[in-house]
Amino acid sequence: MRDLKIPEQRHPEKAHRPDNAQPKKPKWIRVKAPTGEGYNATKKIMRENKLVTVCEEAGCPNAGECWSQGHATMMIMGDICTRGCTFCNIATGRPDDLDVFEPGRVADAVQKLGLNHVVITSVDRDDLKDGGAEHFAQTIRAVRHRSPKTTIEILTPDFLKCDDSVLDIVVDAKPDVFNHNLETVPGLYPEVRPGARYFHSLRLLQRVKERDASIFTKSGIMVGLGEDRQAVLQVMDDARAADVDFLTIGQYLQPTPKHHGVDRFVTPEEFESYEKAAYGKGFLMVSATPLTRSSYHAGDDFARLRENRLAKLGQK
(Lines give C-alpha, C1' and ligand atoms only; values in the text may rest on other atoms or scores of the structure.)
Protein backbone atom coordinates (compact mmCIF):
# COMPACT_ATOMS: atom_id res chain seq x y z
CA MET A 1 0.00 0.00 0.00
CA ARG A 2 1.21 3.49 -0.86
CA ASP A 3 1.61 5.96 1.97
CA LEU A 4 0.52 9.26 0.46
CA LYS A 5 2.12 11.17 3.31
CA ILE A 6 5.54 10.23 1.91
CA PRO A 7 6.47 12.61 -0.96
CA GLU A 8 8.26 9.90 -2.99
CA GLN A 9 5.15 7.71 -2.91
CA ARG A 10 2.79 10.62 -3.35
CA HIS A 11 4.58 11.86 -6.46
CA PRO A 12 6.41 8.93 -8.08
CA GLU A 13 6.49 10.77 -11.40
CA LYS A 14 8.59 13.51 -9.79
CA ALA A 15 11.01 11.27 -7.87
CA HIS A 16 13.82 11.60 -10.41
CA ARG A 17 13.40 15.30 -11.11
CA PRO A 18 16.23 17.54 -9.92
CA ASP A 19 15.53 19.52 -6.78
CA ASN A 20 14.46 23.14 -7.14
CA ALA A 21 15.42 25.51 -4.35
CA GLN A 22 12.49 26.77 -2.30
CA PRO A 23 13.07 30.48 -1.68
CA LYS A 24 12.03 32.12 1.56
CA LYS A 25 8.52 33.53 1.40
CA PRO A 26 8.14 37.30 1.67
CA LYS A 27 6.16 38.81 4.53
CA TRP A 28 3.03 39.26 2.41
CA ILE A 29 2.76 35.49 1.84
CA ARG A 30 3.01 34.19 5.40
CA VAL A 31 -0.13 32.95 7.15
CA LYS A 32 -1.00 31.70 10.62
CA ALA A 33 -1.16 27.98 11.40
CA PRO A 34 -4.72 26.60 11.50
CA THR A 35 -6.25 26.50 14.99
CA GLY A 36 -9.51 27.21 16.82
CA GLU A 37 -12.92 25.67 17.49
CA GLY A 38 -14.29 26.49 14.04
CA TYR A 39 -11.35 24.83 12.32
CA ASN A 40 -11.65 21.71 14.46
CA ALA A 41 -15.43 21.51 13.96
CA THR A 42 -15.04 21.67 10.18
CA LYS A 43 -12.32 19.04 10.26
CA LYS A 44 -14.54 16.76 12.39
CA ILE A 45 -17.40 16.96 9.86
CA MET A 46 -15.02 16.22 6.98
CA ARG A 47 -13.64 13.14 8.75
CA GLU A 48 -17.05 11.87 9.87
CA ASN A 49 -18.29 12.03 6.29
CA LYS A 50 -15.06 10.46 4.97
CA LEU A 51 -14.53 13.37 2.60
CA VAL A 52 -11.38 14.59 0.89
CA THR A 53 -10.72 18.32 0.63
CA VAL A 54 -8.47 20.09 -1.83
CA CYS A 55 -7.57 22.42 1.03
CA GLU A 56 -5.56 19.60 2.61
CA GLU A 57 -4.46 17.70 -0.48
CA ALA A 58 -3.10 20.77 -2.27
CA GLY A 59 -1.68 22.33 0.90
CA CYS A 60 -3.66 25.57 0.56
CA PRO A 61 -2.22 28.41 2.67
CA ASN A 62 -5.74 29.70 3.43
CA ALA A 63 -7.04 26.48 4.99
CA GLY A 64 -6.86 27.82 8.55
CA GLU A 65 -8.88 30.94 7.76
CA CYS A 66 -11.50 29.17 5.64
CA TRP A 67 -12.01 26.16 7.90
CA SER A 68 -12.36 28.38 10.96
CA GLN A 69 -15.38 29.90 9.19
CA GLY A 70 -16.83 26.50 8.28
CA HIS A 71 -15.78 26.67 4.62
CA ALA A 72 -14.03 23.76 2.92
CA THR A 73 -13.68 22.83 -0.73
CA MET A 74 -14.87 19.26 -1.27
CA MET A 75 -12.75 17.12 -3.57
CA ILE A 76 -14.69 14.24 -5.09
CA MET A 77 -13.64 11.06 -6.90
CA GLY A 78 -10.77 10.25 -4.57
CA ASP A 79 -7.40 11.72 -3.66
CA ILE A 80 -5.29 10.26 -6.49
CA CYS A 81 -5.06 12.07 -9.84
CA THR A 82 -4.27 10.55 -13.23
CA ARG A 83 -2.24 13.63 -14.23
CA GLY A 84 1.19 14.72 -12.99
CA CYS A 85 1.24 18.51 -13.29
CA THR A 86 4.56 19.86 -12.03
CA PHE A 87 2.94 22.53 -9.83
CA CYS A 88 0.40 20.33 -8.06
CA ASN A 89 0.67 18.61 -4.69
CA ILE A 90 -2.20 16.13 -5.22
CA ALA A 91 -1.01 12.52 -5.40
CA THR A 92 -0.53 10.94 -8.82
CA GLY A 93 -1.30 7.37 -9.86
CA ARG A 94 -4.15 4.97 -10.55
CA PRO A 95 -7.28 6.06 -8.64
CA ASP A 96 -9.70 3.76 -6.84
CA ASP A 97 -13.17 2.99 -8.17
CA LEU A 98 -15.79 5.70 -7.72
CA ASP A 99 -17.73 5.65 -4.46
CA VAL A 100 -21.43 5.72 -5.34
CA PHE A 101 -22.30 6.99 -1.86
CA GLU A 102 -19.96 9.99 -2.05
CA PRO A 103 -22.50 12.48 -3.50
CA GLY A 104 -24.78 11.82 -0.54
CA ARG A 105 -21.95 12.31 1.96
CA VAL A 106 -20.99 15.60 0.34
CA ALA A 107 -24.61 16.75 0.56
CA ASP A 108 -24.73 15.71 4.22
CA ALA A 109 -21.58 17.69 5.03
CA VAL A 110 -22.88 20.78 3.22
CA GLN A 111 -26.08 20.60 5.27
CA LYS A 112 -24.21 20.09 8.58
CA LEU A 113 -21.88 23.01 7.86
CA GLY A 114 -24.85 25.20 6.93
CA LEU A 115 -23.10 26.48 3.83
CA ASN A 116 -24.65 29.25 1.76
CA HIS A 117 -22.16 28.51 -1.01
CA VAL A 118 -20.13 25.36 -1.63
CA VAL A 119 -17.19 24.66 -3.94
CA ILE A 120 -16.85 21.11 -5.28
CA THR A 121 -13.74 20.07 -7.20
CA SER A 122 -12.11 16.80 -8.20
CA VAL A 123 -8.96 15.07 -9.30
CA ASP A 124 -8.53 14.35 -13.02
CA ARG A 125 -10.03 10.96 -13.88
CA ASP A 126 -8.68 10.10 -17.32
CA ASP A 127 -9.40 6.45 -16.45
CA LEU A 128 -13.16 7.06 -16.71
CA LYS A 129 -14.98 7.21 -20.04
CA ASP A 130 -16.88 10.35 -19.01
CA GLY A 131 -14.03 11.81 -16.92
CA GLY A 132 -16.34 11.78 -13.90
CA ALA A 133 -19.00 14.03 -15.44
CA GLU A 134 -21.93 11.96 -14.18
CA HIS A 135 -20.42 11.84 -10.67
CA PHE A 136 -20.24 15.65 -10.69
CA ALA A 137 -23.88 15.82 -11.81
CA GLN A 138 -25.01 13.39 -9.10
CA THR A 139 -23.17 15.42 -6.46
CA ILE A 140 -24.77 18.67 -7.64
CA ARG A 141 -28.22 17.07 -7.54
CA ALA A 142 -27.62 15.60 -4.08
CA VAL A 143 -26.59 18.97 -2.65
CA ARG A 144 -29.57 20.67 -4.31
CA HIS A 145 -31.90 18.11 -2.73
CA ARG A 146 -30.51 18.45 0.81
CA SER A 147 -29.70 22.18 0.74
CA PRO A 148 -31.84 23.84 -1.93
CA LYS A 149 -30.79 27.37 -0.94
CA THR A 150 -27.05 26.63 -1.19
CA THR A 151 -25.38 27.96 -4.32
CA ILE A 152 -23.01 25.50 -5.97
CA GLU A 153 -19.66 26.21 -7.59
CA ILE A 154 -17.80 23.41 -9.34
CA LEU A 155 -14.13 23.34 -10.31
CA THR A 156 -13.79 20.66 -12.96
CA PRO A 157 -11.08 18.84 -14.89
CA ASP A 158 -10.75 19.51 -18.63
CA PHE A 159 -12.41 16.25 -19.82
CA LEU A 160 -9.69 16.22 -22.49
CA LYS A 161 -9.93 12.53 -23.34
CA CYS A 162 -13.73 12.36 -23.35
CA ASP A 163 -16.39 12.86 -25.97
CA ASP A 164 -17.51 16.49 -26.13
CA SER A 165 -21.01 15.47 -25.03
CA VAL A 166 -19.91 14.70 -21.46
CA LEU A 167 -19.74 18.42 -20.70
CA ASP A 168 -23.49 18.61 -21.25
CA ILE A 169 -24.01 16.16 -18.37
CA VAL A 170 -22.37 18.60 -15.95
CA VAL A 171 -23.88 21.78 -17.38
CA ASP A 172 -27.40 20.29 -17.43
CA ALA A 173 -27.12 19.68 -13.66
CA LYS A 174 -27.06 23.50 -13.44
CA PRO A 175 -24.26 24.51 -11.10
CA ASP A 176 -24.35 28.22 -10.31
CA VAL A 177 -20.67 28.65 -11.19
CA PHE A 178 -18.61 26.52 -13.58
CA ASN A 179 -14.89 26.94 -12.89
CA HIS A 180 -12.06 25.41 -14.86
CA ASN A 181 -8.58 26.78 -14.27
CA LEU A 182 -6.21 27.60 -17.10
CA GLU A 183 -3.48 27.52 -14.39
CA THR A 184 -0.73 29.29 -16.38
CA VAL A 185 0.14 31.01 -19.65
CA PRO A 186 0.20 28.81 -22.80
CA GLY A 187 3.97 29.00 -23.24
CA LEU A 188 4.50 27.22 -19.91
CA TYR A 189 2.04 24.37 -20.52
CA PRO A 190 4.66 21.83 -21.72
CA GLU A 191 6.53 22.18 -18.42
CA VAL A 192 3.81 23.10 -15.92
CA ARG A 193 0.69 21.34 -17.24
CA PRO A 194 1.97 18.77 -19.76
CA GLY A 195 -1.17 16.61 -19.78
CA ALA A 196 -3.47 19.51 -20.71
CA ARG A 197 -4.04 21.74 -23.74
CA TYR A 198 -4.51 25.48 -23.31
CA PHE A 199 -6.97 26.05 -26.15
CA HIS A 200 -8.99 22.97 -25.20
CA SER A 201 -9.46 24.44 -21.72
CA LEU A 202 -10.49 27.79 -23.19
CA ARG A 203 -12.97 26.11 -25.50
CA LEU A 204 -14.41 24.12 -22.58
CA LEU A 205 -15.25 27.35 -20.77
CA GLN A 206 -16.73 28.86 -23.92
CA ARG A 207 -18.91 25.79 -24.53
CA VAL A 208 -20.40 26.09 -21.04
CA LYS A 209 -21.67 29.57 -21.93
CA GLU A 210 -22.97 28.37 -25.27
CA ARG A 211 -24.91 25.60 -23.54
CA ASP A 212 -26.31 27.73 -20.70
CA ALA A 213 -25.59 31.46 -20.62
CA SER A 214 -27.09 31.79 -17.12
CA ILE A 215 -24.21 29.85 -15.54
CA PHE A 216 -21.32 32.01 -14.37
CA THR A 217 -17.95 30.87 -15.73
CA LYS A 218 -14.72 31.28 -13.85
CA SER A 219 -11.04 30.52 -14.40
CA GLY A 220 -7.74 31.20 -12.72
CA ILE A 221 -4.00 31.28 -13.20
CA MET A 222 -0.95 31.27 -10.98
CA VAL A 223 1.88 33.76 -11.42
CA GLY A 224 5.50 33.45 -10.39
CA LEU A 225 6.08 30.37 -12.57
CA GLY A 226 8.21 32.17 -15.16
CA GLU A 227 5.58 34.04 -17.18
CA ASP A 228 5.86 37.69 -18.18
CA ARG A 229 3.24 40.43 -17.91
CA GLN A 230 2.35 40.41 -21.60
CA ALA A 231 1.56 36.69 -21.48
CA VAL A 232 -0.76 37.24 -18.50
CA LEU A 233 -2.56 40.04 -20.33
CA GLN A 234 -2.98 37.74 -23.33
CA VAL A 235 -4.60 35.10 -21.09
CA MET A 236 -7.02 37.77 -19.92
CA ASP A 237 -7.92 38.58 -23.53
CA ASP A 238 -8.34 34.90 -24.38
CA ALA A 239 -10.56 34.30 -21.35
CA ARG A 240 -12.77 37.27 -22.21
CA ALA A 241 -13.05 36.01 -25.79
CA ALA A 242 -14.37 32.77 -24.26
CA ASP A 243 -16.89 34.88 -22.26
CA VAL A 244 -15.39 34.03 -18.85
CA ASP A 245 -17.04 36.10 -16.10
CA PHE A 246 -14.63 35.74 -13.20
CA LEU A 247 -10.82 35.62 -13.18
CA THR A 248 -8.59 34.70 -10.24
CA ILE A 249 -4.82 35.32 -10.12
CA GLY A 250 -2.66 34.09 -7.25
CA GLN A 251 0.97 33.47 -6.37
CA TYR A 252 2.39 30.02 -7.13
CA LEU A 253 3.84 28.36 -4.04
CA GLN A 254 6.15 25.38 -4.50
CA PRO A 255 4.96 22.33 -2.50
CA THR A 256 8.28 20.38 -2.45
CA PRO A 257 11.77 20.66 -4.00
CA LYS A 258 10.66 18.21 -6.71
CA HIS A 259 7.93 20.53 -7.95
CA HIS A 260 8.29 23.36 -10.45
CA GLY A 261 10.46 26.07 -8.95
CA VAL A 262 9.20 29.49 -7.94
CA ASP A 263 10.56 31.96 -10.48
CA ARG A 264 9.78 34.96 -8.31
CA PHE A 265 7.31 36.33 -5.77
CA VAL A 266 5.00 38.80 -7.47
CA THR A 267 4.47 41.93 -5.38
CA PRO A 268 1.07 43.06 -4.06
CA GLU A 269 1.40 46.16 -6.24
CA GLU A 270 1.73 43.99 -9.36
CA PHE A 271 -1.37 42.04 -8.35
CA GLU A 272 -3.29 45.32 -8.01
CA SER A 273 -2.14 46.23 -11.51
CA TYR A 274 -3.36 42.87 -12.86
CA GLU A 275 -6.72 43.36 -11.17
CA LYS A 276 -7.14 46.82 -12.69
CA ALA A 277 -6.20 45.51 -16.14
CA ALA A 278 -8.63 42.59 -15.88
CA TYR A 279 -11.55 44.80 -14.90
CA GLY A 280 -10.62 47.06 -17.81
CA LYS A 281 -10.99 44.09 -20.15
CA GLY A 282 -14.55 43.47 -19.00
CA PHE A 283 -14.55 40.71 -16.38
CA LEU A 284 -17.53 40.90 -14.03
CA MET A 285 -15.34 39.85 -11.10
CA VAL A 286 -11.59 39.70 -10.48
CA SER A 287 -9.61 38.45 -7.50
CA ALA A 288 -5.88 39.09 -7.81
CA THR A 289 -3.80 38.88 -4.63
CA PRO A 290 -0.80 36.80 -3.55
CA LEU A 291 -3.01 34.44 -1.53
CA THR A 292 -5.89 34.24 -4.01
CA ARG A 293 -6.97 30.68 -4.74
CA SER A 294 -9.91 29.42 -6.81
CA SER A 295 -12.23 28.94 -3.85
CA TYR A 296 -10.84 31.60 -1.48
CA HIS A 297 -13.77 33.78 -0.28
CA ALA A 298 -15.86 32.06 -2.97
CA GLY A 299 -19.19 32.70 -1.24
CA ASP A 300 -18.65 36.44 -0.80
CA ASP A 301 -17.26 36.67 -4.33
CA PHE A 302 -20.30 34.89 -5.75
CA ALA A 303 -22.63 37.41 -4.13
CA ARG A 304 -20.62 40.26 -5.69
CA LEU A 305 -20.51 38.43 -9.03
CA ARG A 306 -24.30 38.18 -9.08
CA GLU A 307 -24.67 41.85 -8.12
CA ASN A 308 -22.23 42.90 -10.84
CA ARG A 309 -24.19 40.99 -13.49
CA LEU A 310 -27.44 42.65 -12.42
CA ALA A 311 -25.78 46.06 -12.47
CA LYS A 312 -24.43 45.42 -15.96
CA LEU A 313 -27.90 44.43 -17.12
CA GLY A 314 -29.36 47.55 -15.53
CA GLN A 315 -31.47 45.54 -13.08
CA LYS A 316 -29.98 46.97 -9.90
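Lys174 is located in the loop that joins H7 to strand E7 (177–179). Helices (H or I, at least four residues) and strands (E, at least two) are DSSP runs, numbered from the N terminus. The model is predicted, and local features need pLDDT of at least 70, side-chain atom pairs count only at pLDDT 80 or more, while totals for chains, interfaces and linings use all residues. Residues are numbered from 1 along each chain as its sequence is written, and side-chain values use heavy atoms, with hydrogens and water left out.

Lys174 is not a glycine, yet its phi is positive, near 60 degrees. This residue is partly exposed, with a relative accessible area of 46%; buried means under 20% relative accessible area, exposed over 50%, and partly exposed in between (1.4 Å probe, protein chains only). A positive phi, of about 50 degrees, also occurs at Phe159, again not a glycine. Phe159 sits in the loop between strand E6 (151–155) and helix H7 (166–171). It is buried, at a relative accessible area of 6%.

Strand E9 (residues 246–251) pairs with E10 in the parallel sense, over four bridges; two strands pair if DSSP finds at least two bridges between them. Within this pairing, Phe246 is opposite Met285 of E10. In strand E10 (residues 285–288), Met285 and Ser287 point one way, Val286 and Ala288 point the other way, and all are buried. Together with helix H11 (residues 268–280), E9 and E10 form a right-handed β-α-β unit. A crossover is right-handed if, with the strands pointing away from the viewer, the path from the first strand over the helix to the second runs clockwise.
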